[in-house]
Amino acid sequence: MTAAANSPSIDVVTIPNLPSTRFYAGALALLSVLQYFVAEAAVIGAWTGPQPYSRRTGYISDLGALDCGIFNGRDVCSPAHGLMNASFVVQGVGMMVGALLLTGALLCTAARPGAPMGPRTGLWSPWAAATAVRVLMLAGEPGP
């Protein structure tokens with residue numbers, strides 16, 4: 001009789017598929033942007049200004065205002081401003097992380113031998129598209 005092996009079998013050990021994991025993590029980061037709509041609805045529901053908040057005429061920054069008062073002729077009072085401001089941060093981080101992780105897949109495609117490095121006739125190469133997305137995402141993020 002032989003004793004059972006204490007070490008795991010080579011068949012049990014798995015190595016994660018990193019490009020697939022990166023793709024799903026990037027997609028999840030971009031989907032986290034959807035939380036904004038839930039937070040916005042909750043903050044609008046908590047609005048205590050003398051006039052109801054209007055998505056058509058109100059400024060989105062009014063929902064994140066820290067103090068109640070009159071700003072530029074608008075009477076603003078958003079007691080759930082913390083939720084709205086946290087939502088803005090989560091949205092920005094989700095967009096940046098998603099863009100970095102998902103454009104990485106394009107850059108891996110562009111890194112293949114023989115892949116074009118510049119724009120083709122009327123079409124962008126994967127490398128140029130990924131670089132453009134990263135530059136535009138970073139430029140579009142609000143500063144401190």
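This report walks through a helix, a nonpolar core, aromatic pairs, a disulfide and a loop residue in a predicted model.

## Helix α2

Helix α2 covers residues 35-46, twelve in number. From first C-alpha to last, α2 reaches 17 Å. That is close to the 16 Å expected at 1.5 Å a residue.

Four residues of α2 are buried: Y36, A39, E40 and V43. Viewed down the axis of α2, the buried residues fall within an arc of 100°, so they line one face of the helix. An α-helix has 3.6 residues a turn, so residues three or four places apart point the same way. The face of α2 turned away from the buried side carries exposed residues: F37, V38 and G45.

## The nonpolar core

The largest nonpolar core has nine residues. Helix α2 spans residues 35-46, and the core includes Y36 and V43.

Leaving aside residues up to four places away in sequence, Y36 touches I60, M84, S87, F88 and Q91.

## Aromatic pairs

How many aromatic pairs does a search of the whole structure find? It finds three. In one of them, Y36 and F88 are stacked, 6.2 Å centre to centre with 25° between the planes. This pair links distant parts of the chain: Y36 sits in helix α2 and F88 in helix α3 (residues 81-110), 52 residues apart. Y36 counts as buried at 12% relative accessibility. F88 counts as partly exposed at 29%.

W47 and Y53 form a tilted pair, with 5.2 Å between centres and 55° between planes. W47 is buried, with a relative accessible area of 12%. Y53 is buried too, at 13% relative accessibility. Y36, F37 and F88 form one aromatic cluster.

## The disulfide

A search of the whole structure finds one disulfide. Which residues form it? They are C68 and C77, with sulfur atoms 1.9 Å apart. The torsion about their S-S bond is about 55°, so the disulfide is right-handed. C77 is buried, with a relative accessible area of 14%.

## A loop residue with positive phi

N72 lies in the loop between β1 (69-71) and β2 (74-76). N72 has a positive phi of about 50°, although it is not a glycine. Is N72 buried or exposed? N72 is exposed, with a relative accessible area of 75%.

Definitions and conventions
Residues numbered from 1 in each chain as written. Predicted model: local features only at pLDDT ≥ 70, side-chain atom pairs only at ≥ 80, totals over all residues. Heavy atoms only, no water. Helix = DSSP H or I, 4+ residues; strand = E, 2+ residues; numbered from the N terminus. Expected span 1.5 Å × (residues − 1). Buried < 20%, exposed > 50% of the residue type's maximum accessible area, 1.4 Å probe, protein only. Arc of directions from axis to C-beta. Core = buried A, V, L, I, M, F, W, Y, C linked by side-chain atoms within 4.5 Å. Contact = heavy atoms within 4.5 Å. Disulfide = S-S within 2.5 Å. Phe/Tyr/Trp six-rings, centres within 6.5 Å; stacked < 30°, edge-to-face > 60°.
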